[in-house]
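Reader: Hi! Could you walk me through this one with me? I'd like to chat about the fold, the rings and the pockets.

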Amino acid sequence: KMSITYTLASLEERPPSPPSKLRLYQLLNKACPYAQRVDWFLRAAGLDFEVYFIDAQNKPKWYHLVNPRQKVPALETPDGHVFIESQIILWYLLEKYHGERTQKILPDDPLVRYNVRLLLSIWDEKVGSAFFQANQSFGPNGDPSKRDQVLANYHNALKEISAAITGPLPLFVTIVIYPWFYRSKLFPFGDVKTPVGEEYANLNRWLNDVEHGLDENFQGSAITPENYTALLERLGFKKQ
């Protein structure tokens, strides 16, 4: 049975490297979608790990020694190696734990992996930043006069990712990009959901399949709707 433990990181003293498990540094309330990627992957692969929660408002004095960029996620191994940047961490885990437990996440088939890398390149180049800008347009620093254009850019990016989905996708893709769609579904301050229509049909079909198959590994990695709303309100978002 998989073992997962949770600790609130000390502010003053950096803990020694984990004695046996992997250690994931992640934000309180599981607020970060990038950290959710790694959390979800570790659960899906059945790997033992421990979570050290970092308070974004009051980071430990030593955290820059773990990740000089002061971001989450970071993954520390028992031999003291630290890995940063969520997608790079996932590719490392695929190679490190290559075998039956990772084949169900991403098969070895070179064509499958090519298609995955191509789709994720579109995500990285177009969708991720457009999603962030669409959300921020409803925030305290958003400009309502530019919101229509920002949302149009976001919808155009979604059309591109929809066109790139030509059939079933491996779990790896779901782990990498679904955390953003989950948050868009929860977002209570404006409409950033995926539009309907033929140009979005592939994407909506995939989302429907994903949401019907979400399991305890996703649930364990995800921020709750209540915590997500509370986080955004703390950041100054207001109901439209």
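**A chat about the model**

Author: Happy to. In this predicted model, buried residues make up 47% of the 240 residues in the protein.

Reader: Nice. What does the secondary structure come to?

Author: The protein has 10 helices and 5 strands.

Reader: And how does the radius of gyration sit against a compact globule?

Author: The two agree: a compact globule with 240 residues would have a radius of gyration near 18 Å, and the protein has 18 Å. Along its principal axes, the C-alpha trace spans about 50 × 45 × 30 Å.

Reader: Let's go to the rings. How many aromatic pairs does a search of the whole structure find?

Author: The search finds 21 aromatic pairs. One of them is formed by Phe187 and Phe189, an edge-to-face pair with 5.7 Å centre to centre and 75° between the planes. Both of these residues are buried.

Reader: What about the rings of Phe189 and Phe237, and why is that pair called tilted?

Author: Their centres are 5.6 Å apart and their planes are at 40°, so the pair is tilted.

Reader: Where in the chain do the two partners sit?

Author: In distant parts of it, 48 residues apart. Phe189 is in the loop between helix H7 (171–186) and helix H8 (201–212), while Phe237 is in the segment after helix H10 (225–234).

Reader: Is Phe237 buried or exposed?

Author: Phe237 counts as buried, at 6% relative accessibility. Phe189 is buried too, with a relative accessible area of 1%.

Reader: Which residues do ring pairs link into a cluster?

Author: The cluster holds Tyr34, Trp123, Trp180, Phe181 and Trp206.

Reader: Which ring face does Arg23 lie over?

Author: That of Tyr52, with Arg23 at 4.3 Å from the ring centre. Arg117 lies over the face of Trp91, at 3.9 Å from the ring centre.

Reader: Okay, how about the second largest pocket: how much space lies in it?

Author: About 340 Å³. The second largest pocket has 18 lining residues, and those nearest its centre are Leu169, Thr174, Trp206, Asp209 and Val210. Trp206 is another member of the ring cluster.

Reader: Which element gives the most to the lining of that second largest pocket?

Author: H8 does, with 5 residues. H1, H7, H8 and helix H9 (216–221) each supply at least two. By class, the lining of the second largest pocket has 10 nonpolar, 5 polar and 3 charged residues.

Reader: Now the backbone. Which residues does a cis peptide bond join?

Author: Val72 and Pro73, with omega about 5°. Pro73 is in the loop between helix H2 (63–66) and strand S4 (74–76).

Reader: I also spotted Asn29. What is its phi?

Author: Asn29 has a positive phi of about 70°, although it is not a glycine. Asn29 sits in the loop between strand S2 (22–27) and H1, and at 41% relative accessibility it counts as partly exposed.

Reader: And where is Glu85 found?

Author: In the loop between strand S5 (82–84) and H3. Glu85 has a positive phi of about 75° and is not a glycine. With a relative accessible area of 33%, Glu85 is partly exposed.

Definitions and conventions
Residues are numbered from 1 along each chain as its sequence is written. This is a predicted model: local features need pLDDT of at least 70, side-chain atom pairs count only at pLDDT 80 or more; totals for chains, interfaces and linings use all residues. Side-chain values use heavy atoms; hydrogens and water are left out. Rings of Phe, Tyr and Trp (its six-membered ring) pair if their centres lie within 6.5 Å; planes under 30 degrees apart count as stacked, over 60 as edge-to-face and the rest as tilted. Buried means under 20% relative accessible area, exposed over 50%, partly exposed in between (1.4 Å probe, protein chains only). Helices (H or I, at least four residues) and strands (E, at least two) are DSSP runs, numbered from the N terminus. A charge sits over a ring if NZ of Lys or CZ of Arg is within 6 Å of the ring centre and within 35 degrees of the ring normal. On a 1 Å grid over the protein atoms alone, a cavity is a set of points where a 1.4 Å probe fits but cannot get out, and a pocket is an open set with protein on both sides within 12 Å along at least five of seven lines; lining residues have an atom within 4 Å of a point. Grid points are joined across faces, edges and corners, and a volume is the space filled by probe spheres set on the points. Ala, Val, Leu, Ile, Met, Phe, Trp, Tyr, Cys and Pro count as nonpolar, Asp, Glu, Lys and Arg as charged, and the others, Gly among them, as polar. The radius of gyration is taken over C-alpha atoms; the globule rule is 2.2 Å times the number of residues to the power 0.38.
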